[in-house]
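Me: I would like to learn how to read strands, helices and their packing in a model. Could you take me through the features one after another?

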Amino acid sequence: MNSDEKRALFSFLSIYICSAIFLIGMLLYVYYQDEVESLEKSCSMELNNASMKIKTDILNSYMHNKRFIPKELDKKELRYGLYDEKRKLIFSNLDSKESVDLDKNFYENGLNHYFIDELNEVGIPIKYIVLETCQGVVNKDRLVVYTILAFFLSAIFVGFIAFFLAKLLLKPVRQKVLQLDNFIKDSAHELNTPISVLMTSVSMLKRGKNPEKMMKYILSSSKQISHIYNDIHFSAFNNFEENLDERFNLNELILESVDFFRDISVTKSIIIEANLEICEVLMDRTKTQKLINNLLSNAIKYSKNNSKIVVSLEKGFLKVQDFGIGISKEEQKEIFKRYKRGKNVEGGFGIGLDIVNRICKDYNLELMLESKPNEGSTFIVDFNKIIISQ
């Protein structure tokens, strides 16, 4: 992963994780506030119920002319204290006997919750009933721990998902970058051969050595460079959805391409044979020529020296047959994809057959391949769906 990819990955992770954690934090904060409010209401109700029970026991005792004898409540976490009218302690099993604020109804001091109830009955010395419990604070502390734990677990989960998504999103981009990088390297390599031949031929021509042969090499190299440039330009800038269909003789167009590539094949001493029937089609002439040119160019690249290429047009089927290195079954599945190259030391950068495949799909033409390793390949295009006359 290069520095630009790392920077993009870090930026995506930072924005995604920070925004997700902020949102989760806000949601957990709202949840925490609601739960605290709910806990305090529950605690207040519990203390109020306990106070009502104590108040009832006090009233029952004095109604029967008995002195009220305090006793422990059923729930051990609940404690209470009794105060007279002058706020003097009568009875208490509270943890905090000194710090009780009798002016409040319900409050928390950080350790316990307190509920204060008043008993305003004549003849009863008890004025204030104070209920105390630590359970509310314990539950609140437990809620804090759970909320923080949920926040950190959510942050880890979000971070993992963000990293997974980033890798998933960057994978096709990385593949494209690698493909383009390989394409540039292969383009430079592909252009290097004809340019080197061209420069060498010009140098030899200046010295007056074998001018006829050097002129053939110059013509061949120039046409190769022109073909490579046209392929790159056509693949990069042409809109495959736009067709300028016209009527023309397919056999004549094929013959033009064959004549063009005979000058290129001379450097490998390859003979191109053409057996063409008269056939008129309705199709975009430029795209058709690109289709034919790339089939011929591909055949030359993968042919052996001193071999031949047979081009035939019969009953609407165009066949381009070479007797070169051939294509294995595994490679045949991938050969029509962009930037996919055959195993050829002479280069090629994988757009020629992609152009052929895209044009065939555009006109719904069937494209077939017959090939065996070390025996050669035959590319077949069925033009019958666009034939006007034959």
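**Strands, sheets and a helix pair**

Reply: Strands β11 and β12 pair in the antiparallel sense, over seven bridges, where pairing requires that DSSP finds at least two bridges between two strands. Helices (H or I, at least four residues) and strands (E, at least two) are DSSP runs, numbered from the N terminus. This is a predicted model, in which local features need pLDDT of at least 70 and side-chain atom pairs count only at pLDDT 80 or more, while totals for chains, interfaces and linings use all residues. Residues are numbered from 1 along each chain as its sequence is written, and side-chain values use heavy atoms, with hydrogens and water left out.

Me: Which residue stands opposite K372 in β12?

Reply: The residue opposite K372 is G376.

Me: What is the strand order of the open sheet with mixed pairing?

Reply: The order of its five strands is β7-β9-β10-β12-β11. At the edges stand β7 (271-276) and β11 (366-372), each with a single partner strand, so one side of each has no neighbour in the sheet. From one strand to the next the twist averages 10°, angles being taken from 0 to 180 degrees between N-to-C directions, with axes as lines fitted to C-alpha atoms, for helices over the stretch in contact.

Me: Is T378 buried or exposed?

Reply: Buried means under 20% relative accessible area, exposed over 50%, and partly exposed in between, with a 1.4 Å probe and protein chains only. T378, which is found in strand β12 (residues 376-382), has a relative accessible area of 11% and is therefore buried. Leaving aside neighbours within four places in sequence, T378 is in contact (heavy atoms within 4.5 Å) with K319, V320, Q321, M368, L369 and E370.

Me: At what angle do α4 and α5 pack?

Reply: Angles under 35 degrees count as roughly parallel, over 145 as roughly antiparallel, 65 to 115 as roughly perpendicular and the rest as oblique. Helix α4 (residues 250-265) and helix α5 (residues 285-301) pack at about 40°, with their axes 10 Å apart, and are therefore oblique to each other.

Me: Which strands does α5 lie across?

Reply: Helix α5 lies across β7, β9 (308-314), β10 (317-322) and β12, and runs at about 20° to β10.

Me: What is the order of the open sheet with antiparallel pairing?

Reply: Its five strands have the order β2-β1-β5-β4-β3, and the edge strands, β2 (89-92) and β3 (106-108), each pair on one side only. Three bridges join β3 to strand β4 (residues 113-118), the two running antiparallel, and the bridge partner of Y107 in β4 is Y114.
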